[in-house]
Amino acid sequence: HDEEFPPRILDHVMKNAIKGDVTNVIDVIDKYCWSVEIAMNVGDVKGAILDKSFLEASPKNVLEIGCYCGYSALRMSRLLKEDAKIFTIEASSQYADVAQEIISFAGMEKKVQILRGLSDEVLPTIAEKCGVRTFDFVFIDHAKELYKRDLIMLENLGLIRQGTTIMADNVIFPGCPDYLEYVRNSPKFECTNYPSKLEYCENREDAMEKSIYLP
Ligand SMILES: O=c1[nH]cnc2c(O)c(F)c(-c3ccc(F)cc3)c(-c3ccc(F)cc3)c12
Ligand SMILES: [Mg+2]
């Protein structure tokens, strides 16, 4: 990753987006990433797929693993119903700092809570820390080699329930073959694949995978 991207996108948002206008902040980030430099946000094309699954789930408690600069947290926050909340785990304190600034600039600081730390360190105590029993919607978008491990942790900790929707980014590129094999071969998950493109690219394939938990 380009470690200098996060401060640049923060600066660009502060200078070019409308404070408190979450849709405009999302749009300004997308325009920057299409025209100036690609960043590993889920982006507008895959973001629309995320939006649709999110609206279908109409969740109260949302978990994201991998916040980065807060782009997908903002996309989901703008679709949240009353008294619903997003908890997003971010291991990089540099990314978490930038995400907090961008989320606050967009006026979503009350709807999105960033939990700093590694997912396997945060997940075991997230229920009591956040006053949540189970999550209704989970978006996995961090290191691909951790997807399967973290999903199994969510199951073992009882953090997902009958009908929870799990969306995973990058299941084609960079790809997470062990995760896909796990959810697709498990009788506990009903899976749907959504072919798309890598963020901000026209000619690289990627996909999102939706898995509904049916224990
Ligand atoms: O790390 C990620 N987390 C979440 N989403 C990601 C995502 O949506 C991506 F498209 C990429 C990606 C991978 C390869 C590439 F060429 C462009 C982008 C990465 C990623 C993975 C490994 C790295 F070393 C650098 C970036 C991520
Ligand atoms: Mg991604």
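Colleague: In this model, which residue has an N or O atom in its side chain lying 2.6 Å from an oxygen atom of ligand 1?

Modeller: The model is a predicted one, and a pair of N or O atoms is taken as a polar contact when the two lie within 3.5 Å of each other. An oxygen atom of ligand 1 meets that cut-off at 2.6 Å from a side-chain N or O atom, and the residue that carries this atom is Glu199.

Colleague: How much of the accessible area of ligand 1 does the protein cover?

Modeller: Ligand 1 has 510 Å² of accessible area on its own.

Colleague: How many charged residues are in the shell around ligand 1?

Modeller: The ligand is surrounded by 11 residues, with Asp141, Lys144, Asp169, Asn170 and Glu199 as the closest. The shell divides into 4 nonpolar and 3 polar residues, while the number of charged ones is 4.

Colleague: Which residues are the protein donors of the magnesium ion, ligand 2?

Modeller: The donors follow the spacing D-x27-D-N along the chain. They lie 2.0 to 2.2 Å from the magnesium ion, and they are Asp141 (OD), Asp169 (OD) and Asn170 (OD1).

Colleague: Is Asp169 buried or exposed?

Modeller: Asp169 is a donor of the magnesium ion, and a side-chain N or O atom of Asp169 also lies 3.1 Å from an oxygen atom of ligand 1. A residue counts as buried when its relative accessible area is under 20%. The relative accessible area of Asp169 is 0%, so this residue is buried.

Technical notes
Residues are numbered from 1 along each chain as its sequence is written. Chains are lettered from A and ligands numbered from 1 in the order in which they are written. This is a predicted model: local features need pLDDT of at least 70, side-chain atom pairs count only at pLDDT 80 or more; totals for chains, interfaces and linings use all residues. Side-chain values use heavy atoms; hydrogens and water are left out. A residue is near a molecule or strand if one of its heavy atoms lies within 4 Å of it. A polar contact is a pair of N or O atoms within 3.5 Å; within protein, one must be able to donate a hydrogen and the other to accept it, and residues adjacent in sequence count only if both atoms are side-chain atoms. Accessible areas come from the Shrake-Rupley method with a 1.4 Å probe; for residues, only the protein chains shown count as cover. Ala, Val, Leu, Ile, Met, Phe, Trp, Tyr, Cys and Pro count as nonpolar, Asp, Glu, Lys and Arg as charged, and the others, Gly among them, as polar. Donors are N, O and S atoms within 2.8 Å of the metal (3.2 Å for Na, K and Ca); water is not among the atoms, so sites may look incomplete. Buried means under 20% relative accessible area, exposed over 50%, partly exposed in between (1.4 Å probe, protein chains only).
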